[in-house]
Amino acid sequence: MLRLADPAEAYRRVELDACVAGSSSSDLVLLCIDHVRCALSQALWAERHGRRDGANKSLARARSGLVALRLGVDSASPLAGQLLTLYGAMETSITASQFRFNRPAMERVVADLDDISSVYRMNRAG
């Protein structure tokens, strides 16, 4: 349920719902990757500025995006096992950072997501 006291969150959710409704399965993967990456960037910013509560909320959003990515992995794909392992490791790092923030680990997850996204976009275009 959306809280009227948080219009930015309400607009973010409406925008996300609109993107999801008009997306192919390929687009949804990239949307989830972008969602996780954005949430991690927000967590890094919040932690740098001493806003621990904001960092934890962003990390929770990142974890939910990773869950969506894991659930969407096609088990028939030759890379399914590797993707599931990678997404699981990312989720473990994010969960650990909710208890003790690990900036280098979060920056690695962002870099890994950037790599996955780049390869995915190249494969879609090619």
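Setting aside residues up to four places away in sequence, Q98 touches R52, N56, L59, A60 and R63. Contact here means heavy atoms within 4.5 Å. This is a predicted model: local features need pLDDT of at least 70, side-chain atom pairs count only at pLDDT 80 or more, and totals for chains, interfaces and linings use all residues. Residues are numbered from 1 along each chain as its sequence is written, and side-chain values use heavy atoms, with hydrogens and water left out.

Stay with Q98. It is found in helix 4. Helices (H or I, at least four residues) and strands (E, at least two) are DSSP runs, numbered from the N terminus. Is Q98 buried or exposed? Q98 counts as buried, because its relative accessibility is 18%. The cut-offs are these: buried is under 20% relative accessible area, exposed is over 50%, and partly exposed lies in between (1.4 Å probe, protein chains only). The side chain of Q98 also makes a polar contact with the side chain of R63, at 3.3 Å. A polar contact is a pair of N or O atoms within 3.5 Å; within protein, one must be able to donate a hydrogen and the other to accept it, and residues adjacent in sequence count only if both atoms are side-chain atoms.

Now take F99. This residue too is found in helix 4. F99 is exposed, with a relative accessible area of 70%. F99 and N56 stand 43 residues apart in sequence, but their C-alpha atoms are 8.6 Å apart in space.

Step back to the whole chain. The protein has five helices and zero strands. Along the sequence the pattern reads α-α-α-α-α. Of its 126 residues, 27% are buried. Among contacts between residues at least 6 apart in sequence, 64% join residues at least 24 apart.

Helix 5 comes next. It runs over residues 103–125 and has 23 residues. From first C-alpha to last it reaches 33 Å, close to the 33 Å expected at 1.5 Å a residue. That expected span is 1.5 Å times one less than the number of residues. At the start of helix 5, a side-chain oxygen of N102 comes within 3.1 Å of the backbone nitrogen of A105.

Which residues of helix 5 are buried? They are A105, M106, V109, V110, L113, I116 and S117. S117 counts as buried because its relative accessibility is 8%. Leaving aside neighbours within four places in sequence, S117 is in contact with L30, I33 and D34. A111 also has its place in helix 5. At 37% relative accessibility, A111 counts as partly exposed. A111 and R37 are 74 residues apart in sequence, yet 8.9 Å apart in space, C-alpha to C-alpha.

Last, the open space. The largest pocket holds about 470 Å³. Its lining has 20 residues, and V29, S77, L83, Y87 and Y120 lie nearest its centre. Helix 2 (25–48), helix 3 (52–71), helix 4 (80–99) and helix 5 each give two or more residues to this lining. A pocket, on a 1 Å grid over the protein atoms alone, is an open set of points where a 1.4 Å probe fits, with protein on both sides within 12 Å along at least five of seven lines; lining residues have an atom within 4 Å of a point. The lining divides into 13 nonpolar, five polar and two charged residues. Ala, Val, Leu, Ile, Met, Phe, Trp, Tyr, Cys and Pro count as nonpolar, Asp, Glu, Lys and Arg as charged, and the others, Gly among them, as polar.

Technical notes: Points joined across faces, edges and corners; volume = space filled by probe spheres on them.
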